[in-house]
Amino acid sequence: IRRCWMSEETFDLKKDPDETLIDVKTITKKVYTVYIDEIVNEASYYRKLFNIMRDANTEDEIHFIFNSPGGYVDTMSQLAYYLTSTKATTVAEVHQACSAASFAALHCDKIEVKKHGYMMFHSLISGVFGKAGEMKSAADFLHKQDKLYSEVNKNFLTAKELSDIENGMDIFIDEEECNKRLKGWVSLRKRTAEIPAKEKKK
């Protein structure tokens, strides 16, 4: 997030870290516009955004504009959590959503990839040093986390693409193919909510 607006004032997170780049229009509901248009930063950078998502009401909307190469996975994991727990409707407008940014975008209720836009997926990237046992432990944990992210991607990617990612490839999907796959998109939030409902019927 680099630029943001709240009412008529402009905020810059680098100068005002407690303010978020958000455009708020208040009619009978609040509509927030959030720009994820740089490398995803540490979670503290998005603190006010997370608070807004926690406090939002069912009539509110939060529009995310993605143009990001990715970044901190832990930050995107926290954003993904709030995307599925906020009461507001979440919308993703994708220009570029790579790596962690694509993971977050797939958690929105509505997703559209704009002209010349694309998404990119790959396995987690990390680095570790230390004793052999420590490095093995870290690698095992990273592999386990990678499997969790694959669970999210499997509803959008093909089995071959998931296999290619596991073998170290980057998967790029263009605007046309993305939007074809997103037709009839069932959000992860709705999909998750449907599982307990089906279990109750049993």
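Rings of Phe, Tyr and Trp (its six-membered ring) pair if their centres lie within 6.5 Å; planes under 30 degrees apart count as stacked, over 60 as edge-to-face and the rest as tilted. The model is predicted, so local features need pLDDT of at least 70 and side-chain atom pairs count only at pLDDT 80 or more, while totals for chains, interfaces and linings use all residues. Residues are numbered from 1 along each chain as its sequence is written, and side-chain values use heavy atoms, without hydrogens and water.

**View 1. An aromatic cluster of Tyr and Phe residues.** One cluster is made up of Y45, Y46, F50, Y81 and Y82.

**View 2. The stacked pair F64 and F66.** The whole structure holds 7 aromatic pairs. In the pair of F64 and F66, the ring centres are 6.1 Å apart and the planes 25 degrees from each other. F64 is buried (under 20% relative accessible area; exposed is over 50%, partly exposed in between; 1.4 Å probe, protein chains only), with 0% relative accessibility. F66 is also buried, at 0%.

**View 3. The tilted pair F121 and F156.** The planes stand at 40 degrees and the centres are 5.7 Å apart, so F121 and F156 count as tilted. F121 belongs to strand 7 (residues 110-121) and F156 to the loop between helix 4 (132-153) and helix 5 (159-166), so the pair ties together parts 35 residues apart in sequence. Helices (H or I, at least four residues) and strands (E, at least two) are DSSP runs, numbered from the N terminus. Both residues are buried: F121 has a relative accessible area of 1%, and F156 one of 4%.

**View 4. R181 over the face of F156.** R181 lies 5.7 Å from the ring centre of F156. A charge sits over a ring if NZ of Lys or CZ of Arg is within 6 Å of the ring centre and within 35 degrees of the ring normal.
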